Each structure stands twice: as structure tokens, then as C-alpha cells.
Amino acid sequence: AEPHVFRSITAPGTVLATFQEGRRSDGGAASCGYALSQNYGYTWERALIPNLTQVNGGSYFRATDPVAAIDLSGRLFLNTLNARTEDFSLADITVSRSLDQGATWSDPLLVFAAPSSQVFPDKNWMTVNDIANSPTAGRLAVTFTTFTSDAGGNQTGNNLRCSISDDQ
């Protein structure tokens, strides 16, 4: 579920895909996986995003909304929304990255942590500036919406947010 595919602009044979693994009927998945091709999509290697959910060494109960990106230097990025609690009432937005063409991955790096169950981040998306001569070349931008509610669970609004990284 929720697949996303990104092709490198500087190495067109490199294609990174991400997707949910073990979809849950009440939202999210047991984890999110990725697949990487170095030959234009003819063959793929795939795995779960390392140390993301409890399925494979991470702390999160589930994950969803995966997005992939590749920067101009070939660094790989995977962005996900993750449940800090079993009922998904608290969530984090993270990015995992590989600096070695997918041979190893960082632990999930925190982009946003919901401060309470009255603020729920959702609808995350990530992009990388892959315009070589741009003053912000290589910039990562993660966007998401925070849906807010009062103590009674009544919706009180939403805000579009963006987090920027200029250091990979």
C-alpha cells in the first residue's frame, strides 16, 4: 500500500521505491519497506526500513505514508509517519538515510514529534532540491499537516508545516 518511487537525476539507473508492509485495517502498517534498483528497475533488492518499527528493531508500533528521495550526491532518503503509541494517538515524522547507496541506513532521524494526542501530524511528503545550480541544491523539505483537537476530541483546525534540512 501507498507506494512511492523516486529516480535519481544524476544516476538515472538508480531507482528507490518505498511502500507499506503488513497493512493494518485500523491504519498504518507493521512497518514500511523499500526496494532499490541500480539498473533502471530491471532487478531490485528489498528490505524493511531498518530500526523503524518493533518488527525489526525499532521503537515504533507501526508506520505509514512512506516517501522516497535521492539527492544530487546519491544519498537515499525515506520519510515515514510513525506511531509512538499502540493506538497511534502519538506520532512522529522521521527520515532514514543511506550515505552508501543503500548498503546501510541511519536510525530514523526525528523531523517532528507530536507534543500531545491533541496534535496529530499526517499527510507527510518529502522532496529534495535536485537542481544542481540552485542556491539550495540538496535541500530536503518535509511537509505535513498537523490536525488539532480539544480535550474532548473535537477538531479545532489544521496547519500545514514544513521542516527544512540543508545538511543531508
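Residues are numbered from 1 along each chain as its sequence is written. In this predicted model, local features need pLDDT of at least 70 and side-chain atom pairs count only at pLDDT 80 or more, while totals for chains, interfaces and linings use all residues; side-chain values use heavy atoms, with hydrogens and water left out.

The protein has zero helices and 11 strands (DSSP runs numbered from the N terminus: helices are H or I of at least four residues, strands are E of at least two). Its radius of gyration, 16 Å, is close to the 15 Å of the globule rule for 168 residues, so the protein is as compact as a globular protein of that length (taken over C-alpha atoms; the rule is 2.2 Å times the number of residues to the power 0.38). The C-alpha atoms fill a box of roughly 50 × 35 × 20 Å along the principal axes.

Of the 168 residues, 46% count as buried (under 20% relative accessible area; exposed is over 50%, partly exposed in between, with a 1.4 Å probe and protein chains only). Among contacts between residues at least 6 apart in sequence, 44% join residues at least 24 apart (a contact means heavy atoms within 4.5 Å).

Most residues other than glycine have a negative phi.
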